[in-house]
Amino acid sequence: MTADHPLETWGTVPILEVTQLRKFYGDVVGVDGVSFAVEPCEIFGFLGPNGAGKTTTIRLLLQLLHPDAGRITLFGHELDSGSTPLRDRIGYLPGDFRPHMTMSGARFLAYMSRFRKRPPALREELIERLQLTRDVLDRPLKHLSHGNRQKIGIVLALEHQPELAILDEPTLGLDPLMQEAFYDILRLLRERGTTLFLSSHVLSEVEKVCARVAIIRDGKLVALESLEALKERCPRRLIVRLRDGEDPPAFPGTRLLRRDAGRHVYLVEGALSPVLGAVARAAVQDVVLPEPDLEDVFMAYYAKDDSATRPARKRTEGLT
Amino acid sequence: MIRTHYVANTLREHRTLFLFSFFFAGLFQVLILTLVVGADLLGFVEQFYNQLPPQVRMMFGEQFMAQFSVNGAVGFGYNHPLVIVLLTIVAIILPARHIAGEVEAGTLELLFAMPVPRRQIVFSLWITSGLALLAIVVGCWLGTACGLLLFPEARTAPWGAILKVGSSLWMLMFAISSYTLLISCHASEGSRATLRAAGLTLVFFFVNVAGFMWPTIDFLQPFTIFDYHQPQRVMLGEPVMAETLLVLGALSAVCAALALRQIARRDVPG
């Protein structure tokens with residue numbers, strides 16, 4: 001660790017702290033009472049389906065929106081009208097990255113970086129890692145594919161090696177190979193001292209890179225824990241294959257979620273051992289007890305109370 | 001503080017419009033002088049004018065015939081509807097396109113996420129509009145200068161007055177640009193900001209014209225910006241420039257101050 005590593009500078013003080021943040025658009029809830037803290041050098045996942053309040057939170061962090069109530073502390077300073085210089089230490093990629101389409105990628109990067117004091121020290125490295133060729137960079141942005149435009153957005157957000165990178169749906173439009181290259185960039189930046197705030201509705205992406213996640217639902221934070229702790233507390237799934245013609249048995253402490261092609265998927269809501277005992281006594285052909293993944297965690301939070309189940313499920317249709 | 005690279009980039013983005021306006025405005029001044037000095041129009045127009053009904057003559061104004069002198073022609077060139085429309089387009093497009101238009105396009109979000117105060121961006125845009133309009137007025141001045149070089153008999157026109165009418169035109173257009181900036185800072189769609197600013201300018205224009213046609217409503221004229229741009233009167237030596245500077249200058253400054261206040265307070269929608 002070098003002497004100017006942010007961990008040494010910040011110690012255990014959170015890079016970003018949000019307290020009771022509240023934003024309404026008229027009568028419509030944007031976010032309501034959201035509180036969390038992001039520690040130095042972590043990759044923090046911010047999860048939620050479309051319309052849950054992820055982008056509103058991010059826009060409040062960047063002072064693009066003004067909160068109705070609550071407090072945001074960035075690098076130890078409470079955000080106010082004099083906080084503009086702090087944004088030199090932040091990299092931002094919007095969920096819907098829309099650059100000046102008439103400019104070429106190279107000119108756009110040169111133009112935008114002149115608004116910052118920090119030099120674009122990582123630009124060439126990022127361009128190389130994201131395989132942006134000179135030909136692509138010299139073409140007007142309006143003639144580029146969505147994926148190539150997104151790569152330019154990533155370069156713009158990270159080229160000045162920010163202390164905090166706020167990335168909203170960063171892999172939108174990237175092919176699987178480029179997604180892997182992007183995850184490598186995130187890990188590399190983290191090693192070099194950048195804290196990453198990653199907002200996404202792509203659960204596999206968050207699971208791949210984030211150690212801690214917050215889940216937002218209808219503008220309220222419903223979970224804020226390490227991924228491991230969330231998985232431990234999450235109800236597990238039990239997949240049972242029965243002999244042909246057998247009716248699915250009702251195992252104690254479980255709920256049958258679905259059946260397809262002879263497989264019966266149960267949700268284990270209580271302790272595991274009585275269920276396993278019952279399974280052993282039943283006429284089953286095969287049993288699988290998969291590790292809970294983030295989708296299970298997410299679905300558990302989104303299906304918690306019956307009154308909200310239907311709209312919540314509707315909202316998760318876009319999840320991958 | 002002005003962001004010079006923002007100013008340069010904005011001017012560069014609209015360079016075709018600016019260059020066209022610069023040359024058009026300049027050539028138009030040459031054309032006006034050519035028509036008035038090069039061809040003897042005075043007798044024909046005076047005969048035609050005297051045959052018009054008194055109400056229509058009132059609409060043209062008491063100074064109408066005076067513009068067929070060299071001084072009047074110069075003044076007319078800085079008040080002709082074509083020149084006014086062209087400069088108004090430039091005055092409205094810049095602030096409407098670069099605040100409300102960029103909110104709509106999503107590019108302002110990126111700019112406002114940079115470590116630059118919003119007020120600096122808006123102030124730089126205000127200065128950019130002023131510079132672009134000044135460049136076109138310089139085109140008018142150069143056109144007038146060319147006209148005076150082409151027609152030695154026209155050199156009686158005083159350069160001090162020519163500079164004043166150009167300044168008056170610039171002040172008028174800068175005022176239009178300033179209230180467009182204020183409208184744009186409240187809006188989230190470029191087309192809507194453009195329509196509102198153009199609508200307000202048209203209202204000012206027609207109220208001013210109506211004031212000439214119907215003396216009963218001429219009390220409304222001082223509430224329109226066009227009442228403070230009187231190039232023919234300036235060319236004829238009337239002392240109206242102080243009023244122009246005071247009213248249009250104050251309007252521009254107040255609108256810009258309100259725009260800066262508004263941009264700092266507003267939310268930038270996604």
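What percentage of the 320 residues in chain A is buried? Buried residues make up 38% of chain A, where a residue is buried if 20 or more other C-beta atoms, placed from the backbone, lie within 10 Å of its own. The model is predicted: local features need pLDDT of at least 70, side-chain atom pairs count only at pLDDT 80 or more, and totals for chains, interfaces and linings use all residues. Residues are numbered from 1 along each chain as its sequence is written, while chains are lettered from A and ligands numbered from 1 in the order in which they are written.

Chain A contains 12 helices and 14 strands; these are DSSP runs numbered from the N terminus, with helices (H or I) of at least four residues and strands (E) of at least two. Of the contacts in chain A with a separation of 6 or more, 71% link residues 24 or more positions apart, a contact being a pair whose C-beta atoms, placed from the backbone, lie within 7 Å.

A nonpolar core is a set of buried Ala, Val, Leu, Ile, Met, Phe, Trp, Tyr and Cys residues joined through C-beta atoms within 7 Å. The largest one has 141 residues, and Ile166(A), Phe197(A), Val122(B) and Leu133(B) have the most contacts inside it. Helix 9 of chain B (residues 159-186) gives the most to this core, with 15 residues. A second, separate core of six residues includes Val240(A) and Phe251(A).

Where the chains meet, 23 residues come from chain A and 17 residues from chain B. Helix 2 (54-61) and helix 3 (105-113) of chain A each supply at least two residues of the side of chain A that touches chain B.

Note on methods: Buried ≥ 20, exposed ≤ 12 C-beta atoms within 10 Å, placed from the backbone. Contact = placed C-beta atoms within 7 Å.
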